[in-house]
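The exercises below can be worked through with the sequence and the 3D view side by side. Each has a task sentence and then a solution in steps.

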Amino acid sequence: MTEQATPPASRFQARAIATLWRTLSRWPVRWLWRIAALVGPQVYRFSKRERKVTEINLKVVYPDAPASQRQSLAKQSLQHSTATMLELGHAWMAPPEKVEASILAVHGRDKLDSARAEGRGVIVLAPHFGNWEVLNFWLSSHFPFTAMYEPPKITELEPIIRHGRERMGAKLVPTNPRGVAALLKALKRSEAIGILPDQEPDWGSGVFAPFYGRDSYTATLLPKLVARTQARVVTGVALRIPGKGFEIHFLDADERVYSADDTESATGVNASVEASIALDPAQYQWEYKRYRKVVEEQQGLPNANDFRLY
């Protein structure tokens, strides 16, 4: 069977995106924030899908807040999401010293240092908050760091994204059993690994646990890693300081993450994500369909669609 050729439109799209990233990588982060301030309102106005999902999620999370307050938060959130997209070139392609200079402070580094001094690995829960690519840059600059990686839908961008994430020494592993084995080996070497705690897993790889009071299908990889390595778990985020740069925060994870019970551990994971969001709710990526799967679907109820939010 011959390999299927890449459509010209896809190649053109990849070149255009890569060129945009390279161009924006030369700009100061304060300019990128100014552009986000101009583009963000247009994203809110014209991107119906992002606006709708964001507003649905915020209604679940803040049911008692006035509608006007939630709308304002939705606009701020989409502005921050726009900024994150504009900052990808900065995180992946700007000179390392420039990216390092944009990191204004690091809070809680001692949590990682002390764990490694004790011979323990560190699992960093990195939710979609602030700019997680800047967090990856800092972690891989200062620690042996391994993270799971799934190639992008536009395959021509794969080498660019991979190089950007690996350029400071990060090791990327596939999202399969081989990748899990690599994570275990890294933890047993007292290294740091990164896990996305707020990405919905495939059926069979998670459990339902509360996220802001509503059941959300949550991955169960964490308790398996903890049980076999006794690693310390922290939450890590790169909080955006608009127009200035970023501050890295490492927070102690909720103690329930260390439970051997999958549901209890997943509840701790979601509570840890909530604690990081509390730093600035506008910087969380609320346009992600965090409640896509529902318990009724798992139960096989014929009216499961009636319980869906999206």
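**Exercise 1. Find the cavities of the whole structure and describe what lines them.**

*Solution.* A search of the whole structure gives two cavities of 30 Å³ or more. A cavity here is a set of points, on a 1 Å grid over the protein atoms alone, where a 1.4 Å probe fits but cannot get out, and lining residues have an atom within 4 Å of a point. Grid points are joined across faces, edges and corners, and a volume is the space filled by probe spheres set on the points.

Before going on, note that this is a predicted model, in which local features need pLDDT of at least 70 and side-chain atom pairs count only at pLDDT 80 or more, while totals for chains, interfaces and linings use all residues. Residues are numbered from 1 along each chain as its sequence is written, and side-chain values use heavy atoms, with hydrogens and water left out.

Step 1: the largest cavity has a volume of about 50 Å³, and among the residues that line it are Ser-77, His-80, Trp-132, Arg-240 and Tyr-284. Helix α4 (residues 67-86) supplies the largest share of this lining, four residues; helices (H or I, at least four residues) and strands (E, at least two) are DSSP runs, numbered from the N terminus.

Step 2: sorted by class, the lining of the largest cavity holds three nonpolar, seven polar and one charged residues. In this sorting, Ala, Val, Leu, Ile, Met, Phe, Trp, Tyr, Cys and Pro count as nonpolar, Asp, Glu, Lys and Arg as charged, and the others, Gly among them, as polar.

Step 3: the second largest cavity has a volume of about 30 Å³, and its lining includes Asn-57, Phe-211, Trp-286 and Arg-290. By class, this second lining has five nonpolar, two polar and one charged residues.

**Exercise 2. Trace the largest nonpolar core and follow one of its members into helix α7.**

*Solution.* Step 1: the largest nonpolar core has 34 residues, of which Leu-112, Val-122, Leu-135, Trp-138, Leu-139, Ile-248 and Phe-250 touch the most other members. Helix α8 (132-142) gives the most to this core, with five residues. Such a core is a set of buried Ala, Val, Leu, Ile, Met, Phe, Trp, Tyr and Cys residues joined through side-chain atoms within 4.5 Å.

Step 1: not counting residues up to four places away in sequence, Leu-112 touches Val-122, Leu-139, Phe-143, Val-234 and Phe-250.

Step 2: in α7, the buried residues are Lys-111, Leu-112 and Ala-115. These residues lie on the same side of α7 because they cover an arc of only 95° around the axis, the arc being that of the directions from the helix axis to the C-beta atoms. They pack against β2, α8, β8 and β9, whereas the face turned away from the buried side carries the exposed residues Asp-110 and Ala-117. Just after α7, Gly-119 takes a positive phi of about 80°.

**Exercise 3. Carry out the corresponding analysis for helix α11 (residues 221-229).**

*Solution.* Step 1: Leu-222, Pro-223, Leu-225, Val-226 and Thr-229 are buried in α11. They cover an arc of only 160° around the axis, which puts them on the same side of α11. Step 2: Ala-227 and Arg-228, on the other side of α11, are exposed. Step 3: the buried residues of α11 pack against β2, α10 (177-188), β5 (192-195), β8 and α12 (262-277). Step 4: Gln-230 follows α11 and has a positive phi, near 60°.

**Exercise 4. Describe the setting of Trp-203 in its loop.**

*Solution.* Step 1: Trp-203 sits in the loop between β5 and β6 (206-211). Step 2: with a relative accessible area of 36%, Trp-203 is partly exposed. Step 3: leaving out residues up to four places away in sequence, Trp-203 touches Phe-208, Tyr-217, Lys-293, Val-294, Glu-297 and Gln-298.

Definitions and conventions. 1 Å grid on protein atoms, 1.4 Å probe; cavity = no way out; pocket = protein on both sides within 12 Å on 5 of 7 lines; lining within 4 Å. Buried < 20%, exposed > 50% of the residue type's maximum accessible area, 1.4 Å probe, protein only. Contact = heavy atoms within 4.5 Å.
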